[in-house]
Every structure is written in structure tokens, then in C-alpha cells.
Amino acid sequence: GYPLLRVTMSDGGGHTRVSIAQQRHFARGRPTGPGGAVAAETRWPIPICLKFDAGRGREVRCELLDGAPSGEWDLPAAPCVRWLFPNAGQGGFYRAALPQPWLDALARHVGVDLSPEERIGLLDDQWALVESGDATAPDFLALVAGYRDERTRPVLEAIAGRLHGIRDRYVATDARERYQRFVQRTLGPAFAELGWDPAPGEDEERKIARDAVVGALGQVARATDVLAEASLRAAAYRADPNSLDPTLATTVVHLAAIHGDARLYDDYFARMKRAKVPEERDRFLYALAAFEDAALLARTLEAALGADVRKQDVGRVIGAVIRNPAGRARGWAFVRERFDSIHARASQRGMEGVIRALGAICDAESRREVADFFAAHPMEETRRALAETLEAIDLCIDVRAREEARIATWLAQERP
């Protein structure tokens, strides 16, 4: 795993003294037992580059932590460091943990003083610390709130993906509306600037950024205006594919499916069957797994084993239903009930996809069901996928137990 650098700062007598201690980072916290203790004490030589502002603009200081447990450095002529980022350029292979006051200070400067790579790295590190129990989900959400001025495509995609995962796994039902409003406040400014339609000559990066923001506001925030507009634009697209920017087509079609009825489902299914272009076929095929009506998702599962779905798509379609929270329980039951047919029909990669989709499960009872079922139905070719899926479920269960109540409390107290 990654080295974890714990960074602290103190007054060094006219300078800011930076102390850095290293340890191994474990996704689920420090393991117990002799083997875990040995692994935890592993030390590496680590080149470290610190980026900071001490009143003279952005500066970088690079040092080597030469296999020692810790090291100290004074930032020269820097009695008043305003903020510090521990991985300048995001070039170091390590994760870093800052004290909360310094993380708060850094959050106020992310959009101006950190590069896109650094902004993504900060998010990745902070979430990894949440998963290992070294930080809390509210700490992470407070950091994300500092990205409201973000407009860069890779960073917006990273934010949208993480907010989606948190909603799916760690937000209690009674906190869902508050979380959706938080997501709207976080991404709303970007949407207000990007809008629905590309400007003349707009580059692909901006178009993809729009797609990420629209998708998150519809799927994660369930913004009623976005979902309503997506339905209108999906209808226009079905009448005239040239009416919609191609970058948004898949997202709009999928958002329209969320509250879609049987009539819309039938239309999607027919378009999937007669599509001449693979991209168009896939767009409507996988949108069949985005509906939230139980009967329609049951039809999608049955269709996955029918003649209209190609062998290479069987596992991916079933997996997409399982990843949809509205279809997760039904999808997992379908796998158990129709396992022999799925195994006979799906490719090896498809079976791996089904098993990996089960990593979205986040409760102990279903985890036992997954382990017991595949112990009774072993597949050597998917053994690694199963092990990784069970690890993902275990991690999700751990994080939910710690963070679900914390998130609900923070959302109730958060002020726009």
C-alpha cells in the first residue's frame, strides 16, 4: 500500500517547523496481529515536495525522508505559513494527512493555488483517510464544499464520482434530501456557468465537464429542474438525434429513464434492437438498467438472457441493474435464481462484471449470502474478482458503520 505521511507544523523560532512521520497506509485501518505490526512498521525512503505560501506567493521545498520514521524541516524565512500542500505537483507516491485546521486553510485556496492534479490528489487522499478511519466523512464533505468554483473537467469528474458513491452507500434515507441539496449547492455554480448547450467553438474538455455536472445533478442531487429538462431533451433526441450535443446524449437518455414508465421503456428497447451504430445500441441498452420501476428492471434482467442481448453484454447489463440501488436486491436475487443460465450465457469477463457489481452491497447479511453462494458455486476464473468484491463490501460496511450517522448530523448542521 501507499506510505502515509502525517504532517504537523509548529513554531520553530522565527520559522515554521514541519514535522513528517511516515507509516504504511491500510485501507481498513492498521491490521492486528504480529504480521500486521511488521507491515505497519515498514519504512521507505520518500522524496517529499512541499508546496506552501508564506506571504511571498507559492513556493516549493523538496526533501528526502531517508527511510527514517520521521523528519523535521524548517521552512526558511517563513514565519507565517498561510497554507501547505504536502505533495507538490502530485508527483510523490504517498498519501498525506494534515491537521484539520491546516486542511481547512488549504480548502480556502484549492481553486487558486493548487493545480488540477493536486486538487484531485487532495480529494483522493482525504477520502482514503475516511475509509481507513483516519478522517471523517464530514471532514471530506467540508473539503468538497471548497471546490464550488471548480470548472476543470477531470476535477469535476472526480467530485461527481465521489459524491455519487457517498450517496449510494453512506447517506441514510432520512438524510437523503439534505445531501441532495448539498450536492446542488456544490455543483450548481458550475452548472450555472456551463449550462445545457455548448457555445460556438467550445472545446471537448468543457463539453465533458458539462456532462459530468449534469449527470451528478440529475443522478445524485435529483434536481427536479435538471431531470425535467433531461426528459424533454431525451424526447427531442429520440425525434432528432442532431438536436442534442453528442457528449450529453448518453447522460440525458439515462436521466430520462430514472422516472420513466413502461411506454418509455418499450421505446428504448425498440431503439436498442434496431440501432445500426454500436454506440447508439449501447446507449439505449444500458439505459434499460437505469429505470427505477421494479417491474421494468425485472424485464431488463430477463432481457439480459434473451436473444436481443449479445453474449458480451449479458454480465454488464445484469451488473448495471445491481449497481442501480433500485435494482440491487432484485439483481442479486436474479443472479442466485438464474445462476446456471447466466454462467452459460455470459462471457468470462461478463461473469467478472457481475461479481464486481456485487461490491456495491453494503450490509453484513448480503455479504454472507455472496460468500456462501459463491463458495457453493465456485468459478476458478473469477476467484480474484470475488476476493476483491468481498473486500470492497467489508470496507463499505466498516465505513457505513462509522460515517452514516456522522454524515446525517453534519448535513443537519451545515449552513449554505
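## Exercises around helix H9

Glu229 sits in helix H9; helices here are DSSP runs of H or I with at least four residues, strands are runs of E with at least two, and both are numbered from the N terminus. The model is predicted, so local features need pLDDT of at least 70 and side-chain atom pairs count only at pLDDT 80 or more, while totals for chains, interfaces and linings use all residues. Residues are numbered from 1 along each chain as its sequence is written, and side-chain values use heavy atoms, with hydrogens and water left out.

**Exercise 1.** Work out whether Glu229 counts as buried, exposed or partly exposed.

*Solution.* Start with the cut-offs: buried is under 20% relative accessible area, exposed is over 50%, and partly exposed is in between (1.4 Å probe, protein chains only). Glu229 has 25% relative accessibility, so it counts as partly exposed. Next, look along the chain: Leu255 is 26 residues apart from Glu229, and their C-alpha atoms are separated by 9.6 Å.

**Exercise 2.** Find which residues of H9 are buried, and how they are arranged around the helix.

*Solution.* Then pick out the buried ones: Val226, Leu227, Ala230, Arg233, Ala234 and Tyr237. Looking down the axis, they fall within an arc of 130°, so they line one face of H9; the arc is that of the directions from the helix axis to the C-beta atoms.

**Exercise 3.** Find what the buried residues of H9 pack against, then see how H11 and H12 meet.

*Solution.* Begin with the partners: H7 (176-194), H8 (204-219), H10 (246-258), H11 (262-274) and H12 (278-287). Contact means heavy atoms within 4.5 Å. Next, take H11 and H12: their axes come within 8 Å and cross at roughly 150°. Those axes are lines fitted to C-alpha atoms over the stretch in contact, with angles from 0 to 180 degrees between N-to-C directions. Finally, zoom in on the residues: Tyr268, Arg271 and Met272 in H11 meet Arg281, Phe284, Leu285 and Ala287 in H12.
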